[in-house]
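Please open the structure in your viewer and keep the selection tool at hand.

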Amino acid sequence: MKTVHQSPTDPAFVQDPYRFYQSARAEAGLAYWQDYAMIAAFRRAAVHMILRDCRFGREIPPELATTAPPHLAPFLAVEAHSMLEAEPPRHTRLRKLVMRAFTSREIKAQQAGISALCHSLIDAFPDTPFDLLSAYCTQVPVITICRLLGVPTDMAPHLLAWSHDMVAMYQAARTKETEQAAARAAQEFTAFLADYVQQRRSEPADDLITRLIAAEEQGDKLSNDELIGTCILLLNAGHEATVHALGNGVKTLLQQGWDPAWLTADGIDNLVEEILRFDPPLHMFTRYAYEEAEVMGHTFQRGDQVALLLASANRDPAAEDQAEIFDPSRPARTNMSFGGGLHFCVGAPLARLEMQIALPILFQRCPDLKLAAEPRYSNSYHFHGLSALRVTR
């Protein structure tokens, strides 16, 4: 098997990982990524196959579990109840209960509120150069998820800070300080939600937390820890991905030019899918092999980890014509940006809705929007998002 070398914290790679993907993809569907000490899937066929293969999963095999350092206990306590880190039958149970509350009807009900929010944020834009990432791309998803959960929107800055600190645990540049910050954030986040859930138990409201409390499947309900873990997952995953999908998308449109037809009712769905395909916010997801499994000529053994390069799969020329070109007029095909199989992102419909609303309103209200500085991606691989997006209007 081919071995590839690429530090995920190398500045050149952080700014443009696609050159490495292109080179690795040309060699084989699977390659050994030396810097991660694991096999990585670079081609769409391999990524698609493993995402849907029940012989692979997120949960670490019990015999490989190690004793975690005590300072990580608060963070790991949240992770222990996360649907994202569970496999059947636990995952099946959690997902059924969550989906009873997080319905497509409830998501669609956010449409008017998202639209009004976008307009109010644009009303507050300054006339001087400003950071669109913090003024718009961050605010739309975090305030939307606050409203959906029923959490006061004035808590948004705290929720953002907790989320950033927790999500940083998954980046390649993780340090001891990162771990300590994540543990503190998990502890504070859990304490806040525990109080809020208790309040909703005695004072139900028309919000997702109340619906999660009420959700029932054949007499089964979410435990308090599971409910809190689900709320944290929905906020962390629900805003992180959309922030960077919006930011990366606006960056691409401003750098490469945009066609008003892309932002119409007939074009917006394709534009959103092309943004997600071309420069997605999440580039890598890992799985463990649960049994001996042969994939594309390689035999995985139980306990082997494999990295699924979602962003590389999206640009596989075997699956997409002119895959390195941004073209929202192309027919939309299923991309890998929200994962697949059992762990397909439950928040994907909400993320898509936010983008479908936020992008047309932004460019309708600010047709002269321009970059005021060269955008730079933050050193947070395997997340891929900008550190700022300085613009003028």
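Ala, Val, Leu, Ile, Met, Phe, Trp, Tyr, Cys and Pro count as nonpolar, Asp, Glu, Lys and Arg as charged, and the others, Gly among them, as polar. This is a predicted model, in which local features need pLDDT of at least 70, side-chain atom pairs count only at pLDDT 80 or more, and totals for chains, interfaces and linings use all residues. Residues are numbered from 1 along each chain as its sequence is written, and side-chain values use heavy atoms, with hydrogens and water left out.

**First stop: the second largest pocket**

Select His164, Glu240, His244, Ser378 and Ser380, which lie nearest the centre of the second largest pocket among its 16 lining residues. Two or more lining residues come from each of helix H10 (156-167), helix H13 (224-256) and strand S12 (386-388). Of these, H13 gives the most to the lining, four residues. By class, the lining has seven nonpolar, eight polar and one charged residues.

**Second stop: two packed helices**

Now select helix H14 (residues 268-278) and helix H16 (residues 348-365), which pack at an angle of about 110 degrees with their axes 10 Å apart. H14 is therefore roughly perpendicular to H16, a term that covers angles of 65 to 115 degrees. To see the contact (heavy atoms within 4.5 Å), display Ile268, Asp269, Leu271, Val272, Glu273, Ile275 and Leu276 of H14 with Arg352, Met355, Gln356, Leu359 and Pro360 of H16. Coloured by class, this contact shows eight nonpolar, one polar and three charged residues.

Technical notes. On a 1 Å grid over the protein atoms alone, a cavity is a set of points where a 1.4 Å probe fits but cannot get out, and a pocket is an open set with protein on both sides within 12 Å along at least five of seven lines; lining residues have an atom within 4 Å of a point. Axes are lines fitted to C-alpha atoms, for helices over the stretch in contact, and angles run from 0 to 180 degrees between N-to-C directions. Angles under 35 degrees count as roughly parallel, over 145 as roughly antiparallel, 65 to 115 as roughly perpendicular and the rest as oblique.
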